[in-house]
Amino acid sequence: MAEYEHLEDEFGNADSSRRNFLKQSSALAALALTPVAASAAIDNGLDEKMAAAFEQMPLQVDINGTMRKLSIEPRVTLLDLLREQLHLTGTKKGCDHGQCGACTVHVDGQRVNACLTLAMTTEGCKVTTIEGLGTLDQMHPMQEAFIKHDGFQCGYCTPGQIMSAVACIREGHANNPDEVREYMSGNICRCGAYANIVDAIMDVKQGGVRV
Amino acid sequence: MNQFQYTRVTTPKAAVSALSQENGTYFLAGGTNLIDLIKREVVVPERLVDINKLPLATIEKTSTGLRIGAMAKNSAVADHDLAKKHAPLLSMALNAGASAQLRNMATVGGNMMQRTRCPYFYDPSMPCNKRSPVQAGPDKGQPNGPSGCGAIGGINRMHAIFGTSNKCIAVHPSDMCIALVALDATVNVSGPKGDRKIPFGDFHRLPGDAPQKDNTLLPGELIMSVDIPTNKFADNSHYLKVRDRASYAFALISVGVAVDMKRDTIQDIRLAMGGVAHKPWRLTEAEHFLRGKPATEANFKQAATIAMNGAKGYGENDFKLTLAPNSLIDALKTATKTA
Ligand SMILES: Cc1cc2nc3c(=O)[nH]c(=O)nc-3n(C[C@H](O)[C@H](O)[C@H](O)COP(=O)(O)OP(=O)(O)OC[C@H]3O[C@@H](n4cnc5c(N)ncnc54)[C@H](O)[C@@H]3O)c2cc1C
Ligand code: SF4
Ligand code: FES
Ligand code: FES
């Protein structure tokens, strides 16, 4: 692999060709700029900013077992990629700042906050969302346990709670209710279903099924 | 978030050269602080240099102690057998920070570099000398003097009681760094001018007249690893974190204690406090007082009085003047098993 990997967009290396791209392309029409205005903008260094608006970068990532070849803006978070581009809306946006856990997914088996994960950093990774955990016909044991123990009210935090709960058991951090409370603290539930969530996790853990 | 360029690097050399090429370029590690700051427009980057593929995540034993790679995840360090055995204080401090998800993302280097959580710093519409050391004046480009500190005389419940200046009273929010300063760690960095070592206590700085500078890292320098020297503190270490809820909250006060006990006597000791200063706050004079003394409540109380020398409240945070010494005494009792 190149030591210094400049990722290129579909128009070639962003640094060198952007100016030409803007001068020549029909992008000008899209921007509703006259060539004169555009040239002025280019001379003022605004071309960098405008070109960036068109910039998409390639991303290959395995999502719920399917390899996806995507083209995204570098600023897109994993959460927005999942919800807005791939329409996997099971993963929820609560705070968008790492403070609630509603966006919890697994990246290479580790639970993370998708809202603070830049999608580009998941190149070559395996992402699992609630949609990849179980289906209506074949629910994951943790999903069944949440239903059995009434581990939710409105359900908004639930996909994040379940993704986190599965990881909590896999990590070996679900040995007693206190430990579960500590290691599930990254998932806030405004409905206050905490007691039932802990019961659901302890039930799965003690049931000994492989999660 | 604003539009920015994105570059992925695979060697430390490429990372350093990518950063020194242009202004407005930032290393991206776990992103748990940087992405948050970009969303709030506190940081408006031109380019992010993704360092997640750098081979700097190893945790290993060396002839002089432990070496922890800058890209090692906070959770990986906390749960690593070497850390639990040789630096339990570090494991405890890491596990007291953030949440399980965030610890899976956060790296050692990123944790050291995280910015303050001062609410004025986080809100670009508020005055803050750290975020905007000079305010743009009515005349474009003409600075209009310092922007001021919103927290002095404002909302400052979370703020510092030691080492403040009239420019800034923010605290460094890290738990991990309290353990590292107590354990006399050294930071290995690599930069455009070569490699150097920074004693952990000199890595972060006090605000003084330049609160925009959190630390002594030079432009373009990359944190490579942290070394923790071999120590005899494993049996008597404790990290106490006092916060508004039981978990997933920043420290109001935290205390790191590491003791080498011989029967009832304190042979050697390291003490540091979090939530009290612009840098991880080492309590050298209290350590000096306790060295060679029996582990008694009377001695702990006297050490706490010494530790609080020079402390100053700013109104809403006055409670820390009582909470800090009490927390120190509590942590000392737990670490020395005299509770
Ligand atoms: C909701 C929430 C709660 C939190 N609670 C706590 C808590 O209780 N205790 C606590 O200690 N922390 C807490 N944190 C902060 C968290 O620990 C930090 O955000 C994290 O450690 C930053 O690491 P990162 O790898 O994600 O850094 P990034 O966000 O990727 O980077 C942060 C900064 O470090 C720079 N950087 C990263 N790596 C290097 C390197 N190797 N060399 C030079 N510069 C580098 C980046 O350029 C950037 O400026 C919390 C965060 C959130 C969002
Ligand atoms: S305390 Fe520091 S960070 Fe907070 S407003 Fe004042 S200058 Fe800004
Ligand atoms: S949406 Fe990600 S933590 Fe709240
Ligand atoms: S069920 Fe409503 S937020 Fe948790």
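**Entry 1: strands S4 and S6, chain A.** I looked up how strand S4 (residues 104-107) of chain A meets strand S6 (residues 126-128) of chain A, and found two bridges joining them in an antiparallel arrangement. I note that the model is a predicted one. For A:Val107, I traced the bridge partner in S6(A) to A:Val127.

**Entry 2: the sheet.** I then followed the strand order in chain A and read S3-S2-S6-S4-S5, five strands forming an open sheet with mixed pairing. Strand S3 (66-72) and strand S5 (110-113) of chain A each have a single partner strand, so I recorded them as the edges, with one side of each lacking a neighbour in the sheet. From one strand to the next, I find an average twist of 40 degrees.

**Entry 3: helices on the sheet.** I checked helix H5 (residues 78-85) of chain A, which lies across strand S2 (57-63), S3, S4 and S6 of chain A. Its direction runs at about 100 degrees to S3(A). I also checked helix H8 (residues 158-171) of chain A, which packs on the sheet and touches S4, S5 and S6 of chain A. The direction of H8 makes about 45 degrees with that of S4(A).

**Entry 4: B:Leu34.** I turned to chain B and located B:Leu34 in helix H2 (residues 34-39) of that chain. Finally, I noted 17 Å between the C-alpha atoms of B:Leu34 and B:Pro219, which stand 185 residues apart along the chain.

Note on methods. Residues numbered from 1 in each chain as written. Chains lettered and ligands numbered in written order. Predicted model: local features only at pLDDT ≥ 70, side-chain atom pairs only at ≥ 80, totals over all residues. Heavy atoms only, no water. Pairing = 2+ DSSP bridges. Helix = DSSP H or I, 4+ residues; strand = E, 2+ residues; numbered from the N terminus. Axes fitted to C-alpha atoms, helices over the stretch in contact; angles between N-to-C directions. Contact = heavy atoms within 4.5 Å.
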